[in-house]
Amino acid sequence: MIRCFAAIDLPGPVRDRLAMLSQLLPLPRRLPPENLHLTLAFLGEIPEPVAEEAHLSFAAIRAEPFALELRGLGLFGGGKPRLAYAGVAPEPRLDRLQAKVEAAARRAGAPVEARRFVPHVTLARFRPGEVEPARLEHAILAVGNFAAGPFPVESFALFRSRLGRGGSHYEELARYPLG
Ligand code: 2AM
């Protein structure tokens, strides 16, 4: 079985900025810069032949390249936040790409959860209670209007995730050009 996901990775300078920014927030377990990405579909723990089939379907996807802009910071989880993220400016070509990737992963047999796509770059994940919501919200407001890009997105990739003691380690398995 392998645990994998399809994602857009970010240019090094954008990752570095996001990592620096997350240092300004009172967050536990921030993601290291090399792990920052925009997930298109989480395929879960799947048998290798399913991952191979997903790879073939991803390679057959035809989608236009586009420019991505990160905008704003936010929290998922309502009154009990569990994730801090950088937001993504609306981009219909991103939404179309995500729909194709999700459909291809499902066709390959991956149990992709049926959830509305809310594009984001996770900065930190935590358990409710590990952060003080009011303090974190205040810090996000104090950071002000975060924006990065637009930067070109010319490919997406399939990553393997290995869970370890110090956090996840991601390995790129294949890359798929757009356009
Ligand atoms: P997240 O950033 O919103 O947590 C690798 O784990 C990527 O797959 C993460 O970016 C994560 O999204 C996404 N993902 C989606 N559903 C997941 C799940 N049930 N377990 C782990 N990761 C998931």
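Two strands are taken to pair if DSSP finds at least two bridges between them. In this predicted model, strand β3 (residues 66-76) and strand β6 (residues 147-153) run antiparallel and are joined by five bridges. Within this pairing, arginine 71 has alanine 147 of β6 as its bridge partner.

Strand β3 also pairs with strand β4 (residues 83-88), in the antiparallel sense and over five bridges. Here leucine 70 stands opposite valine 88 of β4. The hairpin of β3 and β4 has six residues between the strands, and glycine 77 takes a positive phi near 120 degrees in this hairpin.

The ligand is surrounded by Arg3, Phe5, His37, Thr39, Phe42, Leu83, Glu113, His120, Thr122, Arg125 and Tyr170. By class, the residues of this shell divide into four nonpolar, four polar and three charged.

For threonine 122, a polar side-chain atom lies 2.4 Å from a ligand oxygen atom; for histidine 120, the corresponding distance to an oxygen atom of the ligand is 2.6 Å. An N or O atom in the side chain of arginine 125 is 2.7 Å from an oxygen atom of the ligand. On its own, the ligand has 460 Å² of accessible area, of which the protein covers 75%.

The largest pocket is the space taken by the ligand. Two or more residues of the shell around the ligand come from each of the elements β1 (2-9), β2 (37-46) and β5 (120-125).

Definitions and conventions:
Residues numbered from 1 in each chain as written. Predicted model: local features only at pLDDT ≥ 70, side-chain atom pairs only at ≥ 80, totals over all residues. Heavy atoms only, no water. Near = heavy atom within 4 Å. Polar contact = N/O pair within 3.5 Å; in protein donor to acceptor, adjacent residues only side chain to side chain. Areas by Shrake-Rupley, 256 points an atom, 1.4 Å probe, with all protein chains shown as cover. 1 Å grid on protein atoms, 1.4 Å probe; cavity = no way out; pocket = protein on both sides within 12 Å on 5 of 7 lines; lining within 4 Å. Sits in = over half its atoms within 2 Å of the grid points. Helix = DSSP H or I, 4+ residues; strand = E, 2+ residues; numbered from the N terminus. Nonpolar A, V, L, I, M, F, W, Y, C, P; charged D, E, K, R; others polar.
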